[in-house]
Each structure stands twice: as structure tokens, then as C-alpha cells.
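Student: I would like to go through some of the words used to describe a structure. Please show me the model.

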Amino acid sequence: MVRTASASVAAGPTLAVVAREAGVSVPTASKVVNGREDVAPETRRRVTEALDRLGYVRRPRFDAAKAPRLVDLVVHSLESSWSGAVLHGVEEAAHDAGLEVVVSAALIRSRVGRPERGWLDKLVARGSSGVLFNLAELSDSQYAWLEQHRIPFVMIDPVQEPPAGVVSVGAANWQGGLTATEHLLSLGHERVAVIAGPRRTMCSSARVAGYRSALASAGVRHRAEYVRHAGFDESVAHRRMLELLDLPEPPTAVFVCSDRMALGVYEALAERGLRVPDDFSVVGFDDLPEARWASPALTTVRQPLSEMAATALRSLLRMMDGHHPESTRTELSTRLVERASTAAPPPA
């Protein structure tokens, strides 16, 4: 027979009920529950029998020394598969290390040159042992605040070059830009454009530099009008692609510095009646799930997002244990994933 208990019964008797049943005070019952020695044997017997008779559930005592350490992960958004890959990497590495993770789905911003006190104060109040910042752009005062409070932190794919001594983990963006462009050149494309992210971001600048290096090595003329910036935004990338198609001599292929932007490029090409890859070739960057779901499936440069996040967490753990990192910058390799969005250029 299955018996359904009421909420009050399911919760079990309180210590006050146990004390009344045993004929002792609540403090005395508490001493017995907590294993204190300063209780008479007969009193201990009565309390113990009452505990067993009433089914009192002893709650485990909190041991701060055995409690898992806490780290914060500050991400720019929880809405993208990019952030999902980062969260996956951090979660797996944290589980292996016995850490708990608190996720903040917004970047902290400075106000009149000072840290946003609310988030920073909460960081200290909850006793976080360290912080991972994903795609964060911190002010000088925020860096100083973290240093002042001796909170170790690691940057995952920082937006800008962090100050000297700040530990960061990223991808080999220059090599990725080089590989993407070399792939298009190897197919016979000479009019290759690039749609990049913001000019001032580290990853975008490195990918464009790799693109230019590939052109130079192949003896292909660099055209300034073929370099466009879109801020990693799908709708802006759509507009930039239309601008490229409106040039007197439009490109026949484009390296797009994120898979999300590549979807906007696909849309622009479809509006102009151009087929991928028969009429136009596209290479993305990231290798997010969207790259596989696109039609046709997107050739892209894979950056190991989950591995980057896990590496950052392990670096943070060593810093939390008092070890100085051997290097402040770690770059994980990228590789080209060939799918169906690239082919030889159409006949002239």
C-alpha cells in the first residue's frame, strides 16, 4: 500500500516536538542531535528514543571546509549557441574539479569610471573564489577592483587586449583567417572578400590579418573595398553582403568571421538570386550548430569553444590554488571544416 503523507508529516517533526516528547528543553535536545557530550546518559536515552519514535531526520551539518568552492562565469548572453558551448565546457571542467558555478548573463559595465557596485559586491558577498569573463570588456577601474580584492580571474576570448599580466584563453584567430582564405584561393577564387566583426576586437583584427596574409602569399591583390565590418550581427552582415554585390567588380567568394553573420550573407545572396556554392562561395567561422543546419551546410573554421572554456577554468583553478600561470595567453588551434558552401568560381 502506498501512503501519501501530508506536507507537515513529510517534513518530519521539529526539534521542539522531539523535546516535548522526551520531556527536555529544546537546547538539550539539540545537544543530543549534534553529538554534544554534556548531556546526562538517561537524558540522552530519552531524547534518542523520542528521535527514533517520531522519525526525526537529522540534517547533515554544514562543513565549510568540505563545501565546494564557488566560481562566477560572466557571459555576454545566454541566447546564443556560442554561449551554450562555453557553458558546456565550464560545466564539465567544474564538475571534474568539484566546483560550483554561478552564471551572470550580462556584462558588468562601468559608471563614471567606477565598477558597477551591485554585481561586484555580490561577488564578494557570496564568497566566489574566482571569475571567468567570456567576451567581456572591463574598465581599468574594474581590473583594479578585482586586483584590490585579490580575486583571481581569467578572460575567455577577451574583446580587447587585456592589461599585462591578465590571463586569457582564446583561439588561433590569425591562423583561422589564413586557412579560410587559403581554402577559397585553392578553389580558384581571386576576388575574395571578408566580412569581419568590429574593427577594435582582438579576434576580428586577427582574422582579417590572416585573410590579408593569405592573399599576399598567393600574390592576389588586396582590395580595400572587399573588407567590410558588421559587428557580429546577422542583419548588418546581410547589408554588407549587398554592398559587396553592388560593387562594379563584386567578389565571387567571401570569408565571414562568424557563422551567425554567414546566415545573413546567405539571405542576401538568395535575395539576389545567387546560389551557394554554384554562384558564390561562403566560409564562416566558429562551427556552431547553425553551420550544420544551414542549407547548404556551411564550410567554416572551427574554434574549440568548449575546450577554450574548460582550459580557462583549469587555469583559474590553478590560480585559486596559489600557482602563477606559466603564460598569460593560451591559444587553441582552429581547423577548417569543409561542407557544401564552397566550390570553384563560376565561369567568367
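**Rings, burial and helix packing**

Tutor: F133, Y143 and F153 are linked into a cluster by ring pairs. Keep in mind that the model is predicted.

Student: How many aromatic pairs does the structure hold?

Tutor: There are 3 aromatic pairs. One of them is formed by F133 and F153.

Student: Why is the pair of F133 and F153 called edge-to-face?

Tutor: The planes of F133 and F153 stand at 75° to each other. Planes over 60 degrees apart count as edge-to-face, so the term applies. The centres are 6.0 Å apart, and rings pair if their centres lie within 6.5 Å.

Student: What makes this pair a tie between separate parts of the sequence?

Tutor: F133 belongs to strand β3 (residues 130–134) and F153 to strand β4 (residues 153–156), so the pair ties together parts 20 residues apart in sequence.

Student: How do you know whether F133 and F153 are buried or exposed?

Tutor: The relative accessible area is 1% for F133 and 9% for F153.

Student: Why is the pair of F255 and F285 called tilted?

Tutor: Its planes are 45° apart, with 6.3 Å from centre to centre. Under 30 degrees would be stacked and over 60 edge-to-face; the rest count as tilted, and therefore 45° does. F255 is in strand β8 (residues 253–256) and F285 in strand β9 (residues 281–286), so this pair links distant parts of the chain, 30 residues apart. Both F255 and F285 are buried.

Student: What makes α3 roughly perpendicular to α4?

Tutor: Helix α3 (residues 26–33) packs against helix α4 (residues 41–54) at an angle of about 80°, and the axes are 10 Å apart. Angles from 65 to 115 degrees count as roughly perpendicular, so α3 and α4 qualify. T28, A29, V32 and V33 of α3 make the contact with T43, R44, V47, T48 and L51 of α4. These residues divide into 5 nonpolar, 3 polar and 1 charged.

Student: How do you know whether S341 is buried or exposed?

Tutor: S341 has a relative accessible area of 0%, which is under 20%, so S341 is buried. S341 lies in the segment after β12 (335–337).

How values were computed:
Residues numbered from 1 in each chain as written. Predicted model: local features only at pLDDT ≥ 70, side-chain atom pairs only at ≥ 80, totals over all residues. Heavy atoms only, no water. Helix = DSSP H or I, 4+ residues; strand = E, 2+ residues; numbered from the N terminus. Buried < 20%, exposed > 50% of the residue type's maximum accessible area, 1.4 Å probe, protein only. Axes fitted to C-alpha atoms, helices over the stretch in contact; angles between N-to-C directions. Parallel < 35°, antiparallel > 145°, perpendicular 65-115°, else oblique. Contact = heavy atoms within 4.5 Å. Nonpolar A, V, L, I, M, F, W, Y, C, P; charged D, E, K, R; others polar.
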